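Here's a quick tour for anyone meeting this structure for the first time. Have a look at the model, then read on.

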Amino acid sequence: AYEIRNCDWSSDVCSSDLEYLNNKNLEKTIITFQKAKRDRKLYDYLYGDVKKREDKIKQELKDNIKQRQSQAINLYESTQGNLAIAFYTLSENIVRYAKFNLIDADDAVQEGVLVCFEKLDRFNPKFGKAFNYMTTCILNHFKQLYRSARNYNELKKRYQDFMIKEVENEICCSKTPGRKD
């Protein structure tokens, strides 16, 4: 897996900026993101509570909570951006490797990033490596997308076969002599 660093997004190719995706850095970023997400929720809740009780709380406490809320939001957004780049790179490499039929590559990459963010809260470094966990989540999701697309195509084919038989029966029965409609 690779990570894009210092890439000029205006150019189409940034191959010189590709680096190995370091699992320790990925895990550290995930843990930081998880903490920032919890802190953001906490300070959003606290600040909302403080705003409701305007007259009873000192301004110094309000400012302190607002500052911590702002810090939590900034950390959340910066780690979210770093994770998005890492997850995009991981998804892109998995799509390139797996080549599932019936799944559009660009859609699969986007789905992979979204799945990583959905499953992020469940990650615990005590139970395994972030790279392995996220790769497994992405691959399982891609397999599910493939099964869904395959089943949908099979359903369409069965329906088409059914309709062909119905039309053939209709034609066959309408040409039978002595039949009254």
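Let's start inside helix α1, which covers residues 23-52. D39 and K35 both sit in this helix, four residues apart, or about one turn. This is a predicted model, by the way, and in it the two side chains form a salt bridge, with their closest N and O atoms 2.7 Å apart.

How open are the two partners? D39 has a relative accessibility of 21%, so it counts as partly exposed, given that buried means under 20%. K35 is partly exposed too, with a relative accessible area of 45%.

D44 is partly exposed at 33% relative accessibility, and R40 is partly exposed at 25%.

Now for a pair that reaches further along the chain. K37 and D121 meet through their side chains in a salt bridge of 2.9 Å, N to O. This one links distant parts of the chain: K37 belongs to helix α1, while D121 is in the loop between α3 (105-119) and α4, 84 residues apart. D121 has 46% relative accessibility, which makes it partly exposed.

How many salt bridges does the structure hold?

| Salt bridge | N to O distance |
|---|---|
| D39 and K35 | 2.7 Å |
| K37 and D121 | 2.9 Å |

Next up is helix α2, residues 59-98. This helix has 40 residues and reaches 57 Å from its first C-alpha to its last, close to the 58 Å expected at 1.5 Å a residue. What comes after α2? The helix is followed by K99, whose phi is positive, near 50 degrees.

Y159, F162 and M163 make a nonpolar surface patch of about 320 Å². One of them, M163, lies in helix α4, which spans residues 130-174. M163 counts as partly exposed because its relative accessibility is 33%, and patch members need over 30% relative accessible area.

Terms used: Residues are numbered from 1 along each chain as its sequence is written. This is a predicted model: local features need pLDDT of at least 70, side-chain atom pairs count only at pLDDT 80 or more; totals for chains, interfaces and linings use all residues. Side-chain values use heavy atoms; hydrogens and water are left out. Patches are made of residues with over 30% relative accessible area and no salt bridge: like charges are joined within 9 Å, nonpolar side chains (Val, Leu, Ile, Met, Phe, Trp, Tyr) within 5 Å. Accessible areas come from the Shrake-Rupley method with a 1.4 Å probe; for residues, only the protein chains shown count as cover. A salt bridge is a side-chain nitrogen of Lys or Arg within 4 Å of a carboxyl oxygen of Asp or Glu. Helices (H or I, at least four residues) and strands (E, at least two) are DSSP runs, numbered from the N terminus. Buried means under 20% relative accessible area, exposed over 50%, partly exposed in between (1.4 Å probe, protein chains only). The expected span of a helix is 1.5 Å times one less than its number of residues.
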